[in-house]
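Please look at the sequence and the structure first, and then read the points by topic.

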Amino acid sequence: MSAQQSQSIQTLLEAEKEASKIVHQARQYRIQKLKDARAEASKEIEAYKKSKDDEFKAFESSHAGVTSIAQTNVDKDTEEKLSAITDAYNSHKDAVTKKLLDRVVLVHNELHRNLKKVDA
């Protein structure tokens with residue numbers, strides 16, 4: 001009976017070793033599949049990124065002329081407005097300076113309009 005039990009135990013140990021090998025192979029297979037999936041996803045992401053970059057560069061190059069024209073128009077507008085401001089400054093600076101000096105230099109001795117007269 002002990003030989004039969006010993007043989008049964010031996011069979012169970014061999015089955016356990018075989019099962020352990022199968023589980024180990026399955027884990028290795030799963031790990032390899034995950035690595036392959038990550039690599040494939042990374043390749044797809046890079047390809048998508050490259051296509052979108054190319055698409056953006058094409059869009060940018062097709063609209064580059066429009067932005068340079070707009071920039072030229074804005075620069076021209078700015079120059080016109082600056083020259084108008086400079087002309088207005090030059091034409092009014094003497095009058096403004098005279099008014100300021102008159103206010104500071106010419107003092108009128110009179111009571112403030114809010115001051116009430118007190119009859120004594």
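This is a predicted model: local features need pLDDT of at least 70, side-chain atom pairs count only at pLDDT 80 or more; totals for chains, interfaces and linings use all residues.

**Briefing: charge pairs and overall form**

Asp54 has a relative accessibility of 39%, which places this residue among the partly exposed ones, since that class lies between the buried limit of 20% and the exposed limit of 50%.

**Overall form**

- Taken along the principal axes, the box filled by the C-alpha atoms of the chain is roughly 140 × 60 × 20 Å.
- Of the 120 residues in the chain, buried residues make up 0%.
- The chain has an accessible surface of about 12,000 Å², and carbon and sulfur atoms account for 58% of this area.

**Charges and salt bridges**

- The chain carries 21 positive and 20 negative side chains, and 5 Å separates the centres of the two sets.
- Side chains of opposite charge can pair when their charged atoms come close.
- Three salt bridges are present in the structure.
- Asp54 takes part in a salt bridge with Lys50, where the closest N and O atoms are 3.2 Å apart. These two residues, Lys50 and Asp54, are both in helix H1 and stand four residues apart, about one turn of the helix. Lys50 is exposed, at a relative accessible area of 53%.
- Lys52 forms a salt bridge with Glu55, at 3.6 Å from N to O. Both residues lie in helix H1, and Lys52 and Glu55 are three residues apart, about one turn of the helix. Lys52 is partly exposed at 36% relative accessible area, and Glu55 is partly exposed at 48%.
- Lys98 and Asp102 are joined by a salt bridge with an N to O distance of 3.1 Å. Helix H1 holds both Lys98 and Asp102, four residues apart, about one turn of the helix. Lys98 counts as exposed, with 51% relative accessibility, whereas Asp102 is partly exposed, with 31%.

**A nonpolar surface patch**

- Four residues, Leu101, Val104, Val105 and Leu106, make up a nonpolar patch on the surface, and together they have about 410 Å² of accessible area.
- Val105 is part of helix H1, which covers residues 2-105.
- Val105 counts as exposed because its relative accessibility is 59%, and exposed means over 50%.

Key:
Residues are numbered from 1 along each chain as its sequence is written. Side-chain values use heavy atoms; hydrogens and water are left out. Patches are made of residues with over 30% relative accessible area and no salt bridge: like charges are joined within 9 Å, nonpolar side chains (Val, Leu, Ile, Met, Phe, Trp, Tyr) within 5 Å. Accessible areas come from the Shrake-Rupley method with a 1.4 Å probe; for residues, only the protein chains shown count as cover. A salt bridge is a side-chain nitrogen of Lys or Arg within 4 Å of a carboxyl oxygen of Asp or Glu. Buried means under 20% relative accessible area, exposed over 50%, partly exposed in between (1.4 Å probe, protein chains only). Lys and Arg count as positive and Asp and Glu as negative; His and the chain ends are not counted. The place of a charge is taken as NZ of Lys, CZ of Arg, CG of Asp or CD of Glu.
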